[in-house]
Amino acid sequence: MTRTIPIRSETTLSRGWGTLKLFEIDYVYSDGTRQLLKREVFDHGHAAAVLLHDPDRDTIVLVRQFRLPAQLNGTDPFVIEVCAGLLDGDDPETCARREALEETGIAVTELRRLFTAIASPGSLTETATCFIGTYSGPANTGTGNGLTHEGEDIEVLELDFEAAFSMIAAGEITDAKTIMLLQALKLEKLSGQAQTGDHGP
């Protein structure tokens with residue numbers, strides 16, 4: 001059951017690419033105790049993400065691009081991800097197709113919506129609607145993709161699915177939405193094998 005927590009005050013701390021606000025809320029614990037809590041929340045809109053998959057060759061297309069927060073965390077700032085972007089007024093499916101084309105040059109054929117995930121519920125309002133999109137390769141890999149006026153300099157990677165999946169455990173793929181989509185595709189493949197009785201070699 002949904003329970004709404006009363007908001008006592010709302011203060012805008014910063015307004016730029018997104019909006020950072022400070023909220024004061026009256027929280028009531030399960031034992032009836034009340035407490036005034038302060039929470040900072042960043043809002044920059046919602047997003048869509050798409051894992052590009054060629055089922056005939058069992059390859060996927062990912063992108064690598066510079067992410068300053070990763071550098072500030074002391075990790076590799078050139079992060080491997082699925083295609084993704086903010087909705088910017090579009091519906092999630094339109095956004096997913098747009099981002100795939102802008103970032104990789106691939107026009108998605110079939111697009112399947114899998115789930116909507118909250119990126120970081122403790123501090124961000126953003127949700128990401130996640131898709132698997134099919135394409136027929138080979139992809140045009142290399143650098144220089146994306147929109148320059150948005151500061152994008154994207155490298156396109158085409159990988160064997162199993163090789164890409166192993167990059168999660170190896171720590172080479174750390175982006176949450178990418179991990180979720182790769183795992184979702186892996187589960188689909190395992191479910192398909194179970195239904196057909198094909199358990200591999």
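Start by selecting glutamate 81. This residue is buried, with a relative accessible area of 3%. Buried means under 20% relative accessible area, exposed means over 50%, and partly exposed lies in between (1.4 Å probe, protein chains only). You are looking at a predicted model, in which local features need pLDDT of at least 70, side-chain atom pairs count only at pLDDT 80 or more, and totals for chains, interfaces and linings use all residues. Residues are numbered from 1 along each chain as its sequence is written, and side-chain values use heavy atoms, leaving out hydrogens and water.

**Around glutamate 81**

Glutamate 81 forms a salt bridge with arginine 67, with the closest N and O atoms 2.7 Å apart. A salt bridge is a side-chain nitrogen of Lys or Arg within 4 Å of a carboxyl oxygen of Asp or Glu. Glutamate 81 lies in strand 6 (residues 78–81) and arginine 67 in the loop between strand 5 (59–66) and helix 1 (68–72), so the pair ties together parts that are 14 residues apart in sequence. Helices (H or I, at least four residues) and strands (E, at least two) are DSSP runs, numbered from the N terminus. Arginine 67 is partly exposed, at 33% relative accessible area.

Lysine 177 counts as buried, at 17% relative accessibility. Select Asp175 too: Arg67, Glu81, Asp175 and Lys177 are linked in a network of salt bridges.

Go to leucine 68, in helix 1. Leucine 68 is partly exposed, with a relative accessible area of 43%. Show Phe66, Leu72 and Phe78 with Leu68: together they form a nonpolar patch on the surface, with about 430 Å² of accessible area. Such patches take residues with over 30% relative accessible area and no salt bridge, joining nonpolar side chains (Val, Leu, Ile, Met, Phe, Trp, Tyr) within 5 Å and like charges within 9 Å. Accessible areas come from the Shrake-Rupley method with a 1.4 Å probe; for residues, only the protein chains shown count as cover.

**Helix 2**

Select residues 92–104. At 1.5 Å a residue, the 13 residues of helix 2 should span 18 Å, and its end C-alpha atoms are 18 Å apart, which agrees. The expected span is 1.5 Å times one less than the number of residues. Buried here are Pro92, Cys95, Ala96, Arg98, Glu99, Ala100, Glu103 and Thr104. At the helix start, a side-chain oxygen of aspartate 91 reaches to within 3.2 Å of the backbone nitrogen of glutamate 93. Glycine 105 follows helix 2, with a positive phi near 80 degrees. Aspartate 90 forms a salt bridge with arginine 98, closest N and O atoms 2.4 Å apart.

**Strand 9**

Next, pick threonine 129, in strand 9 (residues 127–134). Threonine 129 is buried, at 5% relative accessibility. Its side chain makes a polar contact with that of threonine 116 (3.2 Å).

**The whole chain**

Zoom out. The chain has four helices and eleven strands. Of its 201 residues, 37% count as buried. The structure holds 16 salt bridges.

Definitions and conventions:
A polar contact is a pair of N or O atoms within 3.5 Å; within protein, one must be able to donate a hydrogen and the other to accept it, and residues adjacent in sequence count only if both atoms are side-chain atoms.
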